[in-house]
Amino acid sequence: MDFKQIQELIKIINKSNIGELTIEENEFKITIKQKEERVQTFVTAQPAPVYSPGPTQSSQATLSSPAEPAPVAAKPDNLVTIKSPMIGTFYRRSSPDKAAFVEPGDEITPGKVVCIIEAMKLFNEIESEISGRVVKILVDDASPVEFDQPLFLVEPA
């Protein structure tokens, strides 16, 4: 079974309700498990406005409200995320003395290698499926990555 067949199996599993799939061929065995998504809800309470009389204790009252929280930087809608197709270790270059496959600002095309993910002593080249410009690299070099973890943000061409 080659890498492309494994990728196709993963895509099919993700689109289905199958929780786990194991395939055995000769000495090769692969198990694909679908990740359980846990939805977490966070509720934050706003403190009540505080009454603070003016400096002369006059009848004018000042209501102060808590400072506005800084807006969370949301991913712009036009960016595409390249995600990890497997669990492994993320590498930006083929060897420590070589240049990185891509840097922020680089143009990529379908088929261009953007990184390597090492899984079970196999180095798998991850190729872009889109053309565009790399906006951000979301993972540090030589870091462990999970299946479907965002790796790059790309502005499509």
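Strand β7 is joined to strand β10 (residues 132-137) by 2 bridges, and these two strands run antiparallel, where strands are taken as DSSP runs (E, at least two residues) and helices as DSSP runs (H or I, at least four residues), numbered from the N terminus. The structure is a predicted model, in which local features need pLDDT of at least 70 and side-chain atom pairs count only at pLDDT 80 or more, while totals for chains, interfaces and linings use all residues. Residues are numbered from 1 along each chain as its sequence is written, and side-chain values use heavy atoms, with hydrogens and water left out.

**Overall make-up**

- The protein holds 1 helix and 12 strands, which follow the pattern α-β-β-β-β-β-β-β-β-β-β-β-β along the sequence.
- Of the 157 residues in the protein, 27% are buried, a term that stands for under 20% relative accessible area, with exposed set at over 50% and partly exposed in between (1.4 Å probe, protein chains only).
- Among contacts between residues at least 6 apart in sequence, 52% join residues at least 24 apart, a contact being heavy atoms within 4.5 Å.

**Strand pairing**

- An open sheet of 4 strands has the order β5-β12-β10-β7 with antiparallel pairing, two strands being paired if DSSP finds at least two bridges between them.
- The edge strands of this sheet are β5 and β7 (107-108), each of which pairs on one side only; Glu107 stands opposite Arg133 in β10.
- Strand β6 (residues 88-91) runs antiparallel to strand β11 (residues 143-145), to which 3 bridges join it, and also antiparallel to strand β8 (residues 113-119), again through 3 bridges.
- Thr89 has Pro144 as its bridge partner in β11, and Thr89 also stands opposite Glu118 in β8.
- Strands β8 and β9 pair in the antiparallel sense over 6 bridges, with Ile126 in β9 as the bridge partner of Cys115.
- The hairpin of β8 and β9 has 2 residues between the strands, and Met120 in this hairpin takes a positive phi near 55°.

**Largest pocket**

- The largest pocket contains about 720 Å³ of space, the volume being the space filled by probe spheres set on grid points that are joined across faces, edges and corners.
- On a 1 Å grid over the protein atoms alone, a pocket is an open set of points where a 1.4 Å probe fits, with protein on both sides within 12 Å along at least five of seven lines, and lining residues have an atom within 4 Å of a point.
- The lining comprises 22 residues, of which Ile6, Ile30, Thr31, Met86 and Ile87 lie nearest the centre of the pocket.
- At least two lining residues come from each of α1 (3-15), β2 (28-33) and β9 (122-127), and β2 gives the most, with 6 residues.
- By class, the lining has 14 nonpolar, 3 polar and 5 charged residues, where Ala, Val, Leu, Ile, Met, Phe, Trp, Tyr, Cys and Pro count as nonpolar, Asp, Glu, Lys and Arg as charged, and the others, Gly among them, as polar.
- Because domain 1 (3-33) and domain 2 (57-156) both give residues to the lining, the largest pocket lies between them; the domain bounds come from an automatic or database domain assignment.

**Second largest pocket**

- About 530 Å³ of space lies in the second largest pocket, and of the 20 residues that line it, Gln7, Lys11, Lys83, Pro85 and Glu129 are the closest to its centre.
- The elements α1, β5 (80-83) and β9 each supply at least two residues of this lining, and α1 provides the largest share, 6 residues.
- The lining of the second largest pocket divides into 8 nonpolar, 5 polar and 7 charged residues, with at least three residues drawn from each of domain 1 (3-33) and domain 2 (57-156).
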